[in-house]
Amino acid sequence: MNRAGTIALTALAPVSWGSTYAVTTEFLPPDRPLFTGLMRALPAGLVLLAIGRTLPRGAWWGKAAALGALNIGAFFPLLFLSAYRLPGGMAAVFGSLAPLFVAGLAVLLLSEKPTVRTLLTGIAAALGVSLVVLRATAALDTWGVLAALASAASMATGTVLTKRWGRPEGVGPLVMTGWQLTAGGLLIAPVALLVEGAPPALDSRAVAGYLYLALVNTAVAYWLWFRGIGRLSATSATFLSPLSPLTAAVIGWAALGEALAPVQLLGMAIAFGATLFGQVGPRKTFSSAEKNDRNISMDLMSEPVRR
């Protein structure tokens with residue numbers, strides 16, 4: 001698959017995540033963010049483990065646990081905490097700083113040198129998102145700000161380490177996604193039980209909402225996301241993340257009757273332009289594992305069709 005196709009498929013992940021707010025408010029029981037995070041991660045991880053039927057080996061037990069904690073287990077609770085304590089979409093603004101976190105970490109861990117264009121594009125993306133989601137009455141909360149920054153840093157670190165470590169030979173992105181979702185879900189489970197107590201009673205709408213979040217919003221979306229990280233640069237992949245709050249704003253307007261002011265439309269244009277501009281850069285160099293995957297794909301495509 002060419003670069004444009006890879007970018008398009010990877011972009012489906014943050015687009016899907018943009019539906020989380022609408023599904024949560026319209027289908028799920030209120031005030032259960034940790035239980036929601038658990039229901040997103042653990043069932044999806046177990047389904048992917050059952051499909052892949054492969055467990056980590058050796059050092060990958062620790063690596064899978066670390067990536068699961070950073071990308072899922074710590075990220076979900078911190079994100080929900082910041083969303084609850086920061087009104088007016090301010091959590092999304094701090095989350096939009098992730099490309100800048102990734103650019104900094106990529107210098108240390110991936111030897112990717114940030115350019116002025118990358119930094120300016122990251123600032124433009126954050127500015128655009130802030131115009132879309134911020135309200136004049138939004139107020140700062142110290143713990144909310146710290147949680148928002150920590151969630152962005154957690155996801156950024158997970159993204160860079162996912163790129164640095166790659167994956168074991170013979171293991172595809174679906175299996176890697178299953179490892180991380182399961183590890184993250186197991187990390188969230190005791191926290192959810194201690195903080196929120198026993199699971200709530202679920203009606204048919206809540207079951208449908210959790211099924212969507214677990215299968216489409218998490219299993220499929222994270223598989224596409226980790227697949228994309230393996231084929232794109234870490235910075236290029238993370239510049240797709242502003243599509244999440246933009247999608248949430250569009251769904252709010254189209255499905256929930258929320259109005260979009262001219263300044264929000266301007267912000268959407270700026271953030272979307274930054275997302276597109278963030279994909280313009282040098283072609284990615286492939287690791288040996290990724291070259292092997294590409295060679296296998298080419299061999300399969302070149303094999304004559306047998307009737």
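Is R53 buried or exposed? At 75% relative accessibility, R53 counts as exposed; this residue and others are shown below in close-up views of a predicted model.

View 1. R53 is located in the loop that joins α3 to α4 (60-73). Its phi is positive, about 50°, although R53 is not a glycine. Most residues other than glycine have a negative phi.

View 2. D31 belongs to the loop between α2 (20-27) and α3 (33-52). With a relative accessible area of 57%, D31 is exposed.

**View 3. Packing of helix α1 against helix α11.** Two packed helices are described by the angle between their axes and the distance between the axes. Helix α1 (residues 3-17) and helix α11 (residues 204-231) meet at an angle of about 145°, and their axes lie 8 Å apart. The crossing of α1 and α11 is left-handed. On the α1 side, the contact is made by T6, L9, T10, L12, A13, P14, S16 and W17. Helix α11 contributes Y212, V216, N217, A221, Y222, L224, W225, R227, G228 and R231. By class, the residues of this contact between α1 and α11 comprise 11 nonpolar, five polar and two charged.

**View 4. Aromatic pairs of W17 with Y222 and with W225.** The count of aromatic pairs in the model comes to seven. In one of them, W17 and Y222 are tilted, with 4.8 Å centre to centre and 40° between the planes. This pair links distant parts of the chain, with W17 in helix α1 and Y222 in helix α11, 205 residues apart. Y222 counts as buried because its relative accessibility is 1%, under the 20% limit. W17, at 14% relative accessibility, also counts as buried. The rings of W17 and W225 have centres 5.4 Å apart and planes at 65°, so this pair is edge-to-face. Because W17 lies in helix α1 and W225 in helix α11, the pair ties together parts that are 208 residues apart in sequence. Both W17 and W225 are buried. One aromatic cluster is formed by W17, F75, F76, Y222, W225 and F226.

**View 5. Charged side chains over the aromatic rings of W60 and F27.** K63 lies over the face of W60, at 5.0 Å from the ring centre. The charged end of R205 is placed over the ring of F27, 4.4 Å from its centre.

Methods
Residues are numbered from 1 along each chain as its sequence is written. This is a predicted model: local features need pLDDT of at least 70, side-chain atom pairs count only at pLDDT 80 or more; totals for chains, interfaces and linings use all residues. Side-chain values use heavy atoms; hydrogens and water are left out. Axes are lines fitted to C-alpha atoms, for helices over the stretch in contact, and angles run from 0 to 180 degrees between N-to-C directions. Helices (H or I, at least four residues) and strands (E, at least two) are DSSP runs, numbered from the N terminus. A crossing is left-handed if the near helix is turned anticlockwise from the far one by less than a right angle, and right-handed if clockwise. Contact means heavy atoms within 4.5 Å. Ala, Val, Leu, Ile, Met, Phe, Trp, Tyr, Cys and Pro count as nonpolar, Asp, Glu, Lys and Arg as charged, and the others, Gly among them, as polar. Rings of Phe, Tyr and Trp (its six-membered ring) pair if their centres lie within 6.5 Å; planes under 30 degrees apart count as stacked, over 60 as edge-to-face and the rest as tilted. Buried means under 20% relative accessible area, exposed over 50%, partly exposed in between (1.4 Å probe, protein chains only). A charge sits over a ring if NZ of Lys or CZ of Arg is within 6 Å of the ring centre and within 35 degrees of the ring normal.
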